[in-house]
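Please view the sequence and the structure first.

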Amino acid sequence: MTTASPATRTQDPSATPLERLTRLLGELTGPGQPFSSEALAELDRTEAFPTEACRALDEFGLRSFYVPAEHGGALESFDVVMRLLRAVSRIDLTVALSHGKTYLGAAATWIAGEPEAARRLGRRIAEGTPVSCALTERHHGSDLLAGEVTARPAPDGGWLLSGEKWPINLATRAGLVTVLARTDEGGGPRGFSLFLVDKSRLAPQRFTHLPKVPTYGIRGADISGIAFHDAPLPEEALIGRVGEGIEIIVKALHFSRTGCVAMSLGAGDHALALAAEFVVQDAGGGRLGLDPYVRRELGEAAAGLLLSDATALVAARSLHALAGEMSVISAVAKAFVPTEVDDLIARLLHLLGPYGLLRPDAPHTGFAKVERDHRIIGIFDGSSLVNRSALIEQFPRVARGYAKGRWDADGLAEATTPHAPLRPMRPGELSLVSSGGCSVLAGLPAAVGELRDLAARGHASTALTTLAGRLLDVSDRLHQDMAAIRFPPRAVPGHAFRLAERFESCFAAASALHLWLRAAARAMRPIPEAALLACLVKALTDLEEPVDDAARTAFDELAEALLSRPSAPLHSLLDHVEPTGSQQGAAS
């Protein structure tokens, strides 16, 4: 008689994918299981790849959520895959990065839109083949236009691929690798093309796996490289058309950056839960949790996570609802969320003191590992500097749209109404620059007006409308400053990056406000006003706007909620607006 695996036991057809995965992960954290704290600490100590944990996720079927439904997978809504990756990252970021790389590696093929190629890749992923993405090179980093890996036409048809890509996540273990290569000696935006390389079709002498790179965090991940030696590729390996490589990969980054921010959220969840457990269980009999300073710091950290939550959720849904604006939205999300979570972890590390630096197998286990592991998220798929540069290039267009009150009201409502039906994702609507500015902020004046109407009817407090009005004032001044900036190509002034950071904070706070309003409008379970207050206070604080101490008591309410259930993840904005009754049935 055989015993069903945890993955098999949790296949409840009536449950949502997130419910099933959460239940499975709960089982897999038990003694002797691949997600147990002891097993993960040992993998970290030995810098070993999390093979068993990834296999368990394969058995669950997580890979199917990396493949769009039209290509044979289960991916219909990007906010669903975001929540699944967040759930895994909440337990271990190394596992999430190792398994989730396929989601990032395959995105270029979905963007290119060639149906047969997409179906072939979907089948390979369903069979269990991991996919990597090889963009960066040893001497050029994120400067993709400087890449030296070449693909030249072969005499008998197809292509010959030569050169080295490094450092690359999953370069050694992946069976398929999306490679950006120079196809025109002169380079330039139209001088590069993308290829899906099937290593199983190459002779061993045609490629070399480079050694694993020792890393500060995510120690068990396959961070290595790959070199090609006139590797012959068939014509069908080309993704899209010749010369479209840069355009496709920039659009694919809109997909992959949402995956990165989901992993950041999971790391933030993990860090916050560990800190709350420490405060509740401290050697002083829990007295630490009564300290007003400690509670205020915990509450402010939680508010930062809620702001990140709002930003990530709106970004994921915007892939469907505001696809033409993703060049702005994805850059904002990827710059803001990892930075905010890094700040959250640093704030909590200050509270934990030396206990935060203990080995993962010590008491209050795992915080040092979370701190180390999360550092890499800010670098993956474009650093914060790269993403802010991409945003700054679009300042004139965004500022004009804001000044003219130009925004996509239907798309914004769809992006900010969790669990409302989403239109199908259409890769053809993605663009290199925003087609309409930024609706999240251009729609802020109307949102503040709606909030004031609610307050007049007694459904919102004066404190909330005051903070929202101040956010609007900041946003107005910010867009005026953005409109005034002038600079020659590749000579961005330093103060423009500070404006980009301010834009991110305004975007995050506006996202939280839109989510709160849409939940109220659809009579969903309301987001507590204290959660939105805390988000606005945190954003205004980060914007260096004066906030009185009475408003900061919103942080204390968040801390109280956190300390009342320290081992559980902080209620996200999504949790607060989970539909009930018939809506729940429709959503699942």
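## Overall build and one residue

Of the chain's 588 residues, 58% count as buried, meaning under 20% relative accessible area with a 1.4 Å probe, protein chains only. The model is predicted: local features need pLDDT of at least 70, side-chain atom pairs count only at pLDDT 80 or more, and totals for chains, interfaces and linings use all residues. Residues are numbered from 1 along each chain as its sequence is written, and side-chain values use heavy atoms, with hydrogens and water left out.

The secondary structure comprises 22 helices and eight strands; these are DSSP runs numbered from the N terminus, helices being H or I of at least four residues and strands E of at least two. The radius of gyration, taken over C-alpha atoms, is 24 Å, close to the 25 Å that the globule rule (2.2 Å times the number of residues to the power 0.38) gives for 588 residues, so the chain is as compact as a globular protein of that length.

| Property of the chain | Value |
|---|---|
| Box filled by the C-alpha atoms, along the principal axes | roughly 75 × 65 × 45 Å |

Arg 470 lies in helix 17, which covers residues 462–484. At 24% relative accessibility, Arg 470 counts as partly exposed, a class between the buried limit of 20% and the exposed limit of 50%. Leaving aside neighbours within four places in sequence, Arg 470 is in contact (heavy atoms within 4.5 Å) with Leu 540, Glu 545, Pro 546 and Val 547. The C-alpha atoms of Arg 470 and Val 448 are separated by 9.9 Å, and the two residues are 22 residues apart along the chain.
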